Amino acid sequence: LYYFVLDSTQVEGMSLLVTDERFPRFTRPEQLVQPLLYLSTKQEINDIQSAREEKKALDRYWLTLLNGNPELARQVIKTYYQRTTEANRLFTTYKEGWKTDKGMIYMVLGAPDRIQRSKDREVWVYDQRANANNINFTFNKRSNQFVDDHYELVRYVEYQPIWYPIVEAWRNGAIR
């Protein structure tokens, strides 16, 4: 990220995000590991990153997760990285879209069924996901020197009983 200002005493300026030529898609193992943050343990990610051959470790991760079923692994991998690409396309601003709060929710739960917008807030409504009905995720608009359109997820403790079963559904191949 590069941020340009006319004078160092000014706050307003212009930002420029430099990305890989394949962006918003990820194709290299070191790129593919990063978004696993939402589905994996820290140890699982460390194991992949410290492996001698990261691509083989990444393949082994998915196959182990999905009980050695290569067809199921292919389907889950395809879905997960399609969502990663879409999150990058939709939500990239001063950082990659998958790293934003909206990107995180989009990747794990998919597109919302409805979005309620107001001046300073968005509420994403999911009618049915895994074991939960009528899930609402609230994003508040926050001022940010790089972009006008920055939203942060309001992290309610009530999300935990919803979030973990959905992540588990990814990990056992129920989401494709």
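Analyst: What follows describes the sheet strand by strand, then the helix contacts and the pockets.

The model is a predicted one. Its open sheet has four strands in the order β3-β4-β5-β6, and the pairing is antiparallel. β3 and β6 are the edge strands, each pairing on one side only. From one strand to the next the twist averages 25°. As background, the strands of a sheet pair through backbone hydrogen bonds, either parallel or antiparallel.

Strand β3 covers residues 114-118 and strand β4 covers residues 121-129; five bridges join them in the antiparallel sense. Two residues lie between β3 and β4, and the two strands form a hairpin. One point at which to see this pairing is Q116, which stands opposite V123 in β4.

The next step across the sheet goes from β4 to β5. Strand β5 takes in residues 132-141, and its antiparallel pairing with β4 runs over eight bridges. Here E122 has F139 in β5 as its bridge partner.

β5 and β6 run antiparallel and are joined by three bridges. Strand β6 is made of residues 151-153. Within this pairing, K141 stands opposite Y151 in β6.

Next come the helices. Two packed helices are described by the angle between their axes and the distance between the axes. For helix α5 (residues 101-109) and helix α6 (residues 160-171), the angle is about 55° and the axes are 10 Å apart. α5 and α6 are therefore oblique to each other. On the α5 side the contact is made by M104, I105, M107, V108 and L109, which meet W163, I166, V167 and W170 in α6. The residues of this contact divide into nine nonpolar, no polar and no charged.

α5 and α6 also take part in the largest pocket, where each supplies at least two residues of the lining. The largest contribution to that lining comes from α6, with four residues. In total, 15 residues line the largest pocket, and M104, Y159, Q160, W163 and Y164 lie nearest its centre. Of these, M104 and W163 belong also to the contact between α5 and α6. The space in the largest pocket is about 320 Å³. Its lining residues divide into twelve nonpolar, two polar and one charged.

Helix α2 (residues 42-50) packs with helix α3 (residues 54-65) at an angle of about 145°, and their axes are 7 Å apart. E44, I48 and Q49 in α2 meet E54, A57, L58, Y61 and L65 in α3. This contact has five nonpolar residues, one polar and two charged.

To return to the part requested: the sheet runs β3-β4-β5-β6 with antiparallel pairing, and β3 and β6 form its edges.

Terms used. Residues numbered from 1 in each chain as written. Predicted model: local features only at pLDDT ≥ 70, side-chain atom pairs only at ≥ 80, totals over all residues. Heavy atoms only, no water. Axes fitted to C-alpha atoms, helices over the stretch in contact; angles between N-to-C directions. Parallel < 35°, antiparallel > 145°, perpendicular 65-115°, else oblique. Contact = heavy atoms within 4.5 Å. Nonpolar A, V, L, I, M, F, W, Y, C, P; charged D, E, K, R; others polar. Pairing = 2+ DSSP bridges. 1 Å grid on protein atoms, 1.4 Å probe; cavity = no way out; pocket = protein on both sides within 12 Å on 5 of 7 lines; lining within 4 Å. Points joined across faces, edges and corners; volume = space filled by probe spheres on them.
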